[in-house]
Amino acid sequence: MTLQKTGVVKSTQNKGFRGLSDNEGALGSLFLLPAIIYIVALVAVPFFIAIAFSFSDVTVGNTSLNYVGLENFARVIKTPQFKRALINSIGFTFVTQVIVIVLANILAVILSQDFRGKWIARMLIILPWATPISLGTIGWLWLLDSKFSPFDWFLVKWGLLGPDTILGPGTHMIFLGREWLAMASVVTIYVWRILPLSTVILLAGLTSINQDILDQAEVDGSKFFRTLFTIKLPLILPIMAVAVLFGIIFTFTDMTVVYILTRGGPIYYTQVLPVWAYFKGIDSGALADGAAIALFLFPVLLAVVILMLRTASRTEIN
Amino acid sequence: MAIIETKGLKKYFDSVKAVDGIDLAINEGEMLVILGPSGCGKTTLMRMIAGLEKPTEGEIYIDGVEVTQLPPRNRDISMVFQSYALYPHMTVYNNIAFPLKAKKLSKKYIKEKVEWAAKILGIGELLERKPRHLSGGERQRVALCRAMVKEPKILLLDEPLSNLDAKLRATARDELQQFQRQLGITTVFVTHDQIEAMGLGDRIVVMNHGKVRQIGSPEEIYHNSNDTFVATFLGSPGINLIERNNYLVGFRPENFLPREVVKQKKGLNKFPLRVSRVEHLGADRLVYGETDDEKGVTKVIAKLPSSITVLVESGKKYDFVVQEQHMRYFDDQSGIRLKVKP
């Protein structure tokens, strides 16, 4: 009797909650709410503030917003630092993606084969992606140090660097102090950083190819490279596109690598848009200029996002 | 002369004996059907002949040459998979041309060959289409076309009709047989569908648990099944088995008839049948019931063609008979058929 009573009381208490859990419409909105709050507060609002700033004369010292039209854009575009940052951002991203897609394909094909110690190889390859990017870059900063770089030591030892050698006569490469070497260093670290992600995406694509198709190719007399270039790669093309688009976003918007490694130097030869926007807007307090520079990232990112969504909706894995 | 021969062929996946010692000789130009329930090892056997699977033990010979360790491309075979495995990103033309391109033949020759093959299978109109725009039947033809275009010695077909709907399957079966006869190509056809097997096979290999249970013509394996597995696997429904003292009596449902239908007086085996259910299937009636004997009650089924109009009702008891020539006897331990009546 007592038990029964408790049961009855319990069920009435739960009624409000049960009512909600049966109401799909209300429940759906409730589950969506955190996502909506997140997007509005952390994406939409800052984005519109950035647009407002870029058309105003706001600085860290003077927070009143006065409309100045395209003045900020016109001013930042004229500076050589901006021009170089824009070219670098696009150039670094492009070169990085070309190198990454070639290497990622090679790695993914190797890792999709059966061999002993495969899981160790897979783990090692994913490791740079799991390392915090700032720590990874600091590691590279030491590796490329102007005095203590181990690369210098190897080059000297192998007779490539030093008096009377190809790279001589000095005994230091000064990787980060010379224009082209500094740019190459930045690209190298971008590649090192993006490669694991692209490899894993391509690997997933390769393993998703129907085994029947590969068996059929074998029966049809196709050898390794024909199967790779006429069947496997064309089939994972949409997935490759996703990998490239991800790579573009990560490289194009990254500021950690350049900020830690070269701070845009030597002079401003390795400057990129995010770092330049940060230096202008935050370090020098010219919020309006910083916002204007950062907005130049927007068209590229918009294009990438549109392409990505289109590829995603078209992708069909057989 | 046998064009394919397997000797003591075995394939173990860890402890699972997928194929467990198979000796097979396939004659040139014949259509050999490998029939068995799913998981009996028939597909594994075919994949070993194709070279997609390395045998654990045993040898395979094609045209007198040992090919056990050779990759598929050196075996002069073609295969059609159950899924057809068309290359989804290629047009029908490029799909069919693929085996020829892999052989690095000239473009002109490839074009001639593809058009020749497409004409035989009546898919000349489809050459520029992508596989996803084809119907099931069209895909099957494209797959067949791609398999024959390099004119292999042997064509291997892995349940190529099971993805088609029932109506299409009958016509596809007919086309397949005509096609095979026309080319005279040695064909190995794997299926779990006995109607396909009986309809298509010059000879049928019945497999179970990785072993061959019987090889023979469709009539042979149906009427003179080697053992109770083959006898019950074939026919729908399968053979009726009744236990006697130390052997089993078997007779097919279509040979199990009401007493009054059979004119013959002598050599009849009587079985009183208590009918529990009658199914009307249009062309015939299935009569489910029980028969008693010294060992107890056994469930049996009779299949009466619609030409037999005798009234049979559930809940009543009738005298059913089987003519002696339709009786089969099996050992009750091993299930192997006994040649003489015990």
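User: A polar contact is a pair of N or O atoms within 3.5 Å; within protein, one must be able to donate a hydrogen and the other to accept it, and residues adjacent in sequence count only if both atoms are side-chain atoms. How many residue pairs are in polar contact between chain A and chain B?

Analyst: This is a predicted model: local features need pLDDT of at least 70, side-chain atom pairs count only at pLDDT 80 or more, and totals for chains, interfaces and linings use all residues. Residues are numbered from 1 along each chain as its sequence is written, chains are lettered from A and ligands numbered from 1 in the order in which they are written, and side-chain values use heavy atoms, with hydrogens and water left out. Both residues of a counted pair are at pLDDT 80 or more, and the total between chain A and chain B is nine residue pairs.

User: Which helix gives the most residues to the side of chain A that touches chain B?

Analyst: Helices (H or I, at least four residues) and strands (E, at least two) are DSSP runs, numbered from the N terminus. On the chain A side, α10 (211–219) and α11 (224–235) each supply at least two residues. With seven residues, the one that gives the most is α10(A).

User: How many charged residues does that side of chain A have?

Analyst: Ala, Val, Leu, Ile, Met, Phe, Trp, Tyr, Cys and Pro count as nonpolar, Asp, Glu, Lys and Arg as charged, and the others, Gly among them, as polar. By that rule, the side of chain A touching chain B has six nonpolar and five polar residues, and its charged residues number seven.

User: Which residue of chain A meets B:R146 in a salt bridge?

Analyst: A salt bridge is a side-chain nitrogen of Lys or Arg within 4 Å of a carboxyl oxygen of Asp or Glu. The rule finds two across the interface of chain A and chain B. In one, at 3.8 Å from N to O, the partner of B:R146 is A:D220.

User: How much area do chain A and chain B bury between them?

Analyst: The size of an interface is often given as the accessible area lost when the parts come together. Buried area is the accessible area (1.4 Å probe) that two parts lose on being put together, summed over both. Here 59% of it lies on carbon and sulfur atoms, and the total is about 1900 Å².

User: Which residues of chain A lose the most area to chain B?

Analyst: Contact means heavy atoms within 4.5 Å. Chain A brings 18 residues to it and chain B brings 24. Together making up 33% of what the chain A side buries, the residues that lose the most are A:Q216, A:V219 and A:D220.

User: Why does B:R47 count as buried?

Analyst: B:R47 lies in helix α1 (residues 42–50) of chain B. Buried means under 20% relative accessible area, exposed over 50%, partly exposed in between (1.4 Å probe, protein chains only). B:R47 is buried because its relative accessible area is 17%.

User: Is A:D289 buried or exposed?

Analyst: A:D289 sits in helix α15 (residues 287–295) of chain A. Its contacts, neighbours within four places in sequence aside, are A:N72, A:R75, A:V76 and A:K280. At 8% relative accessibility, A:D289 counts as buried.

User: How many residues of strand β7 of chain B are buried?

Analyst: In a regular strand the side chains alternate between the two faces of the sheet. From β7(B), B:I154, B:L156 and B:D158 point one way and B:L155 and B:L157 the other. The strand (residues 154–158) is largely enclosed by the rest of the structure, because the buried count is five of the five.

User: Which residue in β8(B) stands opposite B:D158?

Analyst: Two strands pair if DSSP finds at least two bridges between them. In β8(B), the residue opposite B:D158 is B:V190.

User: Which strands are the edges of the five-stranded open sheet in chain B?

Analyst: Its order is β13-β17-β14-β15-β16, with antiparallel pairing. Strand β15 (residues 284–293) pairs with β16(B) over 10 bridges. Each pairing on one side only, the edge strands are β13 (257–258) and β16 (296–305) of chain B.

User: Which residue takes a positive phi in the hairpin of β4(B) and β5(B)?

Analyst: Strand β4 (residues 57–62) and strand β5 (residues 65–66) of chain B pair in the antiparallel sense over two bridges. B:I62 stands opposite B:V65. Two residues lie between the strands, and the one with a positive phi, near 55°, is B:D63.
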